[in-house]
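Please look over the sequence and the model before reading on.

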Amino acid sequence: MTFCIITHVPHGCLNGKYFAYSPYVREMNIWSKYVDKIILLAPLELKKLNEIDIFYSNDSIDFRNVPSYNFLSFVAAFITLLKFPKITYEIYKAMKNSDHIHLRCPGNIGLLGCIVQILFPSKPKTAKYAGNWDLSAKQPLSYRFQKWILSNTFLTKNMQVLVYGEWETSTKNIKPFFTASYFEKDKIDVKPRKLEGKISFLFVGTLSNGKQPLYAIQLVENLYKKSYNVQLTLYGEGIERGMLEKYIIENKLENIVFLKGNQNQETIKKAYIENHFVVLPSLSEGWPKVIAEGMFWGCLPIATRVSCVPNMLDNGERGILLELSLTEDLKSIQSLLNNNESYQTKVNMAINWSRKYTLDVFEDEIKLLLQ
């Protein structure tokens with residue numbers, strides 16, 4: 001089988017092997033185990049391999065380089081219009097030469113892929129919508145357009161669309177799905193940390209406005225001012241790092257807030273095992289990987305009510321749901337910090353729930369999709 005991947009994820013090439021963002025590649029490596037050849041259409045933009053990138057395991061990759069694009073300015077929009085014919089033609093050729101089409105959405109390349117796939121109604125297709133599928137959510141027009149095409153069974157035929165969470169108004173081609181990070185064999189016994197001594201919080205993700213790392217810092221800062229023995233460690237890089245460093249210095253938080261940058265999966269796993277809470281005050285999510293991973297290792301999530309997060313946290317039974325109001329959120333966190341028994345119960349429930357979603361189960365589901 002020739003498997004065609006249409007994605008906006010930036011890629012790099014080193015010694016003839018292709019690499020990209022590790023959670024994405026780790027997933028695609030599972031798909032690739034059940035295909036003979038991959039046609040990979042994506043931007044080839046990464047210049048070097050870093051801690052958060054890994055290589056594809058399949059060596060039979062026909063890479064089709066297409067430029068990324070955006071509409072963020074008048075000039076960018078004009079350049080994008082000039083690129084459209086070539087990108088569209090490359091997508092058409094890749095789909096024509098394949099046996100199974102796989103779209104990665106939402107994204108600018110996936111947007112064109114959603115349109116071009118209409119020309120192949122009889123060809124087997126899957127789409128992974130890795131964003132928030134909530135049709136009522138406020139999102140960019142391009143995201144809403146992709147959701148509309150993918151769920152339109154007149155335009156989109158012979159496709160299964162994988163989305164996070166269960167949505168009552170979904171069409172018959174929408175399939176609730178999940179993302180996994182660990183295998184069954186990775187399970188080791190973990191016990192809830194006691195809420196005594198230093199209470200440690202984690203933030204794992206891009207240092208950007210959308211993920212709101214500053215809000216995570218402010219939560220811990222205010223707990224510290226209320227005489228709680230707390231600390232916060234942030235893993236990740238992004239455009240807000242400079243601003244965060246300045247905030248930490250100006251507010252004299254150097255002893256309780258630490259920026260560790262990008263780290264590999266093993267370092268992050270160790271952090272989950274050793275810390276009490278993982279904080280994700282994100283404005284938008286699909287399946288928040290860091291929340292599921294934290295739960296797997298007994299690191300209790302504190303996260304916003306976006307996408308499928310309320311379902312993952314069972315409306316607060318397996319963690320704390322943020323309202324993005326410092327006053328209200330501090331009350332919720334303090335209430336739990338003062339109740340070790342409730343914390344232990346929530347952690348155990350989180351562990352039991354998250355360990356149902358292993359890569360073994362994920363792989364079995366992918367095999368069914370490719371049959």
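How many of the nine residues of H3 are buried? Seven of them are, and H3 is mostly covered. The model discussed here is predicted.

The buried residues of H3 are Ile109, Gly110, Leu111, Leu112, Gly113, Cys114 and Val116. Several of these names return in the contacts described below.

Helix H3 spans residues 108–116, and the loop that links strand S7 (100–105) to H3 holds Pro106. The peptide bond between Cys105 and Pro106 is cis, with omega at about -5°. For background, most peptide bonds are trans.

Helix H4 is made of residues 141–151, and its axis comes within 10 Å of the axis of H3, the two crossing at roughly 30°. Angles under 35 degrees count as roughly parallel, and H3 and H4 are therefore roughly parallel to each other. The crossing of H3 past H4 is left-handed. On the H3 side, the contact is made by Gly110, Leu111, Cys114 and Ile115; on the H4 side, by Ser142, Phe145, Gln146, Ile149 and Leu150. Sorted by class, this contact of H3 with H4 has six nonpolar and three polar residues, and no charged ones.

Ile91 belongs to helix H2, which covers residues 74–96. Is Ile91 buried or exposed? Ile91 has a relative accessible area of 0% and is buried. With its neighbours within four places in sequence left aside, Ile91 is in contact with Ile6, Leu41, Ile109, Leu112, Gly113 and Val116. Ile109, Leu112, Gly113 and Val116 are also among the buried residues of H3. As for Ser136, 45 residues from Ile91 along the chain, its C-alpha atom is separated from that of Ile91 by 30 Å.

Most residues other than glycine have a negative phi. Which way does the backbone of Lys252 go, with a positive or a negative phi? Lys252 is not a glycine, yet its phi is positive, near 55°. Lys252 sits in the loop between helix H6 (241–250) and strand S13 (257–261). Its relative accessibility is 69%, so Lys252 counts as exposed.

Leu324 is another residue with a positive phi, about 60°, although it is not a glycine. The loop that holds Leu324 runs between strand S16 (320–322) and helix H10 (326–337). With 36% relative accessibility, Leu324 counts as partly exposed.

**Salt bridges**

How many salt bridges does the model contain? The count comes to 20.

| Pair | N to O distance |
|---|---|
| Lys211 and Glu285 | 2.5 Å |
| Glu221 and Lys225 | 3.3 Å |
| Lys269 and Glu266 | 3.8 Å |

The pair of Lys211 and Glu285 links distant parts of the chain, 74 residues apart. Lys211 is in the loop between strand S11 (199–204) and helix H5 (213–225), while Glu285 is in the loop between strand S14 (277–280) and helix H8 (289–296). Lys211 is partly exposed, at a relative accessible area of 22%, and Glu285 is buried, at 9%.

Glu221 and Lys225 are both in helix H5, four residues apart, about one turn of the helix. Glu221 is buried, with a relative accessible area of 4%, whereas Lys225 counts as exposed at 60% relative accessibility. Lys269 and Glu266 are both in helix H7 (residues 265–274), three residues apart, which is also about one turn. An α-helix has 3.6 residues a turn, so residues three or four places apart point the same way.

How values were computed: Residues numbered from 1 in each chain as written. Predicted model: local features only at pLDDT ≥ 70, side-chain atom pairs only at ≥ 80, totals over all residues. Heavy atoms only, no water. Buried < 20%, exposed > 50% of the residue type's maximum accessible area, 1.4 Å probe, protein only. Axes fitted to C-alpha atoms, helices over the stretch in contact; angles between N-to-C directions. Parallel < 35°, antiparallel > 145°, perpendicular 65-115°, else oblique. Left-handed = near helix turned anticlockwise from the far one by under 90°. Contact = heavy atoms within 4.5 Å. Nonpolar A, V, L, I, M, F, W, Y, C, P; charged D, E, K, R; others polar. Salt bridge = Lys/Arg side-chain N within 4 Å of Asp/Glu carboxyl O.
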